[in-house]
Structures are given as C-alpha cells and as structure tokens.
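Hi,

Here is the structure I promised to pass on.

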Amino acid sequence: SRCGSDLERPPSQSAGAPAAMTCHGFLAPGLIQGTTAWLVFGIIATLVQSMFFVKETPKITRSESRQLGLVVVWTSTICMWLFWAFVYMHQMVPLIYPVRTPIPA
C-alpha cells in the first residue's frame, strides 16, 4: 500500500530512498494505544458517574439520571477521542513540509 506521494516527501529524502516509517494506517501502534487509553477513560468515567452522580429528584427518576449520565459521559469521551485522533493522525502524514528558498545576497 502507498503511504504518501513524492510531493509529501521532505527535500532531504530523494524519491528513490526508502521511507523511514512504514505505513500502518488505522492500525498504527500509537493510535491503538491512545484509543485504548480513551476507552479506559470512558469506562472509569462511567463508574464515577454511576457511583457519585446518579440521584433521584422530583423531576427525574434514578434510571433516567443514570441514562442521562451515560449519554453525557460517552458523548464527551467520543468527542475528545475524535479530536485527539484527528490531531494524532494529522501528525502521522503532514500535508506539507517547509520549503526553504535561498535568500539572494
């Protein structure tokens, strides 16, 4: 599989030089480890929410409070994970490299 084009290669690497990194795509080890960390975070947040923040009030039952807490915890966890994953993957394959032009003397 192709990881990038010659336009994405820094000037220090020639077109025939092998890439320094292999292309793992969505199975990159850092992405898998980070995803696992966010999953653990979501599970811990769910436990904290269910132990400390579920309560019955005159307007909401205990079951509804638990469901609302789960929606809030997992929506926020997924949004934070997505933001982290986008930033991480953007650094894996940068769109451009700096191009330095010599300054005329």
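This is a predicted model: local features need pLDDT of at least 70, side-chain atom pairs count only at pLDDT 80 or more; totals for chains, interfaces and linings use all residues.

Let me start with helix H1, which covers residues 29-52. Thr35 sits in this helix, and Thr36 does too. Thr35 is partly exposed, at a relative accessible area of 29%. Thr36 also counts as partly exposed, because its value of 43% falls between the 20% and 50% cut-offs.

Which residues does Thr35 touch once neighbours within four places in sequence are set aside? Two tryptophans turn up, Trp81 and Trp84. With Trp81 there is a polar contact from side chain to side chain, at 3.1 Å. As for Trp84, its C-alpha lies 9.1 Å from that of Thr35, although 49 residues separate the pair along the chain.

Now for the serine. Ser65 belongs to helix H2, which runs over residues 62-92. Ser65 has a relative accessible area of 10%, so it is classed as buried, the cut-off being under 20%. What does Ser65 touch, leaving out residues up to four places away in sequence? The list is Gln49, Phe53, Val54, Lys55 and Ile60. One of these contacts, Gln49, falls within the residue range of helix H1.

That's what I have for now.

Cheers

Methods:
Residues are numbered from 1 along each chain as its sequence is written. Side-chain values use heavy atoms; hydrogens and water are left out. Helices (H or I, at least four residues) and strands (E, at least two) are DSSP runs, numbered from the N terminus. Buried means under 20% relative accessible area, exposed over 50%, partly exposed in between (1.4 Å probe, protein chains only). Contact means heavy atoms within 4.5 Å. A polar contact is a pair of N or O atoms within 3.5 Å; within protein, one must be able to donate a hydrogen and the other to accept it, and residues adjacent in sequence count only if both atoms are side-chain atoms.
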